[in-house]
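Keep the picture open while you read.

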Amino acid sequence: MTAPASTSTLDLVARFPNIVSPDARPGFSGFIVEKDSLIEVATAIRDEFGFDLLTAVTGVDYFPENKMEVVYHAYRTTGGPGLVFKVQVLRVDPVEVPSLIDLWPGVDLQEREAWDLMGIKFTGHPDLRRILMWEGFEGHPMRKDWKEGFYEEDTKPFKSRWPDGQFYMAEDKNPFKDNLTFPQNFDPEKWIPEGDALLYGALARYTVKQEDGFSTDRIVINMGPHHPSTHGVFRAVMTLDGETIVGLKPVLGYLHRNHDKIGERNTYLLNMPFTDRLDYFNSMTNNFGYAITVEKLMNIPVAERAEYIRIIVSEMTRVQNHLIFIGTLLNDLGAMYTPSLYAFEERELILDIFEAISGARMMCNYFRFGGVVRDIPDDVMQKIKGLVHERLPAKTDEMERFLSENEILVSRMKGVKMIDAEDAIRYSITGPVLRAAGVPYDIRRADPYGIYDRFDFDVAVRHNGDLMDNYLIRIDEIRQSLRILEQAIKQIPQGPINSQKPVYQVRVPAGEAYGRIESPKGELAFYVVSNGKPNPWRYHVRPASFVNLTALEKISIGNKIADFVAILAMFDIVMGECDR
Amino acid sequence: MYGKGILKGLKVTWVRFWDTYLEDISWILRGKKRYYTEEGVKHRASKDQKGIFTVQFPEERLILPEEARYIPFLVYNEKPDGEKEVLCTSCGICAKVCPPQCIWIVRSNDPTTGRPIPEPTEFYIDADICMNCGFCAEYCPFDAIKMDHDFEIASYERNVYNMEKLLKPSSYYQSIRPQNFAREEEARKAKEAAKAAKAAGANAAGAEAMPAA
């Protein structure tokens, strides 16, 4: 279990008296930093204390106290617990906090998200535009006083459902049969999307250069949102010089549904099936992340057998995710369908197991606080054993025979640089992309959660940081996952599968928790603030795909547009998680 | 040699291509049917599968595991006189634990006393909003709401199910989830036996206590 570093282990307060004070609220931890000294303190945290990986930037709206808070979670890439530091500002517009973009460029998209959803202005951010909502949107939806289109009550369960649940359809109550609120005097006919002007303006910073008396034009290209290689509805606006990318801005939010807001309306348990829909390939690991976060808040143990079941299902999730990754990567590179169908074949077998134990192939909803919902029956266990011991190792070898030495693939991917180790850390990249750049940082080893500390496995790492390494590291990770699976299957004890009684209304004491897991795509983390009520006060997801995309601009510039497709494929993004 | 890797890879597809036919022939030689039989479908979803793994839907169907879940339904017991005994007591737990809040229940009230009686007057499930999470079935204390296996519900209208559409007999429940049904029946019988034993014990204790008083 991860725990933020306690006050005693760090002398941040001694280093910065009067500026930094420990967060004394019960259930909370970390340090509160004076707003004006944030950059100074953050520099020290990075350079003196060695917390070089800033993973999450979270805005919290403490509406009753008329305060807004920005919470930063920093970790050391050498491993160990993290450091939480916070800035508190009065909740009076404009809410301004200094941007940390010069220290950690990886905060770029996260600060834009906090601005978009919370209305926290990060001074010094060069491109603070809305990111998930559309440009004409009024207000900041994650603020506690903002209400959505079909707003009914602050918290579920809604009183209209029982005992007198006269059915109506929400869209019938809305006069326009639409789920939008417009600013006053808004006329869609006359509206000019300022956002686009800003977006293209942000790209125009790249100056046109004259060479040999010839003037060359730069072309702006919109790739996506409807492009088969963007893995959903992702749009990249690029400026091209010939075939070389000289400027790029990612445009997100096409699949945005404000998962965080839904999460704050829900009770703790009700969030579990919603997390399935984040990264819909890996619902088991999403469940895992959320479950350990709330367990940390509730301070409850997990049943021993359930711990093993959790490892088994999340490692199988990793195997199938990486297989799909290889399949879609080859699809993107032009090897249409054969590799991806070979990958899907193994995935089907894994999903069969998920269906047998959880009831659904993709939206598993399998984890509960304190354990899992259902035991793995013996016949399914036999199936898992068959897969882990016989089929999957053989198929991984086959996959490698099939692709890894293919000259076309190799010449396409070898030497196309993704990112080097130093930049990867600065850009808050986590997961296989970071490890392929040569940083052996895996949360399963660096900051173990669950019972990962009991297993013998290697952190897969490659050192070139090119596309080929990013592909090969997935195969390495499949092999390591199979190693963990073999041990887990051997060691799994008999016993109960949940340490708690199956209740639908859990009691969660006040406090905060940041639970992070190594999802197949990188660090998936949940930041949950409880005020003792049945619903979380703040529920924030830190998805791996979203934060990893911050570096897309940096990586793509200088590469060819054809390689952009491969670069994007390497991030293995899932828009369900990215846009939330 | 340039091209060796490609050839190595192509060998994989080559082997895979022939696997389907070799597998077919081996099934024929063993006198078994590989297609359109339960055995064949099961084999294609097992670790020993080789070659083609597709299932010819809708002629062939994957065998759903017992725990597979789709839209919920309400269970009723058939009484000998043909009357339906609805197990739901309209306690509202399913409505409270429904993440997208798609369950709507109107509780029955006794017309004379105005007190609630344990059965629903109306029960709606908005199947288009339902996210098939299975919480309602999991937390129902009366085993009255269960998850169905029928996934073919596409229609041109909004799928709002009322009581009539939702009610299915317990024999249907038994047919799709035999193990769960057996487990629940056993638990119910044990509970009833315990209750009867307790009642008998209380009666006996009462009878003993009487003369002393």
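The radius of gyration used here is taken over C-alpha atoms, and the rule for a globule is 2.2 Å times the number of residues to the power 0.38. Keep in mind that this is a predicted model.

**Chain A as a whole**

So how does chain A do against that rule? With 580 residues, a compact globule would come out near 25 Å, and chain A has a radius of gyration of 24 Å, which agrees. Line up a box with the principal axes, and the C-alpha atoms of chain A fill roughly 65 × 65 × 60 Å. Inside that chain you'll find 20 helices and 17 strands.

**Two helices side by side**

Two packed helices are described by the angle between their axes and the distance between the axes. For helix 10 and helix 11 of chain A, the angle is about 165° and the axes are 11 Å apart. Angles over 145 degrees count as roughly antiparallel, and that is why helix 10 of chain A is called roughly antiparallel to helix 11 of chain A. Their crossing is left-handed.

Who meets whom? From helix 10 of chain A come residues including Tyr342(A), Leu349(A) and Ile353(A), while helix 11 of chain A brings, among them, Ile384(A), Leu387(A) and Phe402(A).

**Where chain A touches chain B**

The contact between the chains takes 44 residues from chain A and 38 residues from chain B. On the side of chain A, the elements that give two or more residues are helix 7 (271–276), helix 10 (338–358), helix 11 (378–403) and helix 12 (407–413). Helix 10 of chain A turns up again here: its nine residues are the largest share of that side.

Here is how the residues split by class in the two contacts:

**A sheet in chain B**

Strands of a sheet pair through backbone hydrogen bonds, either parallel or antiparallel. Over in chain B, there's an open sheet of three strands in the order 3-4-6, and its pairing is antiparallel. Which strands stand at the edges? They are strand 3 (103–109) and strand 6 (160–161) of chain B; each has a single partner strand, so one side of each is left without a neighbour in the sheet.

Strand 3 of chain B pairs with strand 4 (residues 116–126) of chain B over seven bridges. To spot this pair in the picture, look for Asn109(B), which stands opposite Pro116(B) in strand 4 of chain B.

Methods:
Residues are numbered from 1 along each chain as its sequence is written. Chains are lettered from A and ligands numbered from 1 in the order in which they are written. This is a predicted model: local features need pLDDT of at least 70, side-chain atom pairs count only at pLDDT 80 or more; totals for chains, interfaces and linings use all residues. Two strands pair if DSSP finds at least two bridges between them. Helices (H or I, at least four residues) and strands (E, at least two) are DSSP runs, numbered from the N terminus. Two residues are in contact if their C-beta atoms, placed from the backbone, lie within 7 Å. Axes are lines fitted to C-alpha atoms, for helices over the stretch in contact, and angles run from 0 to 180 degrees between N-to-C directions. Angles under 35 degrees count as roughly parallel, over 145 as roughly antiparallel, 65 to 115 as roughly perpendicular and the rest as oblique. A crossing is left-handed if the near helix is turned anticlockwise from the far one by less than a right angle, and right-handed if clockwise.
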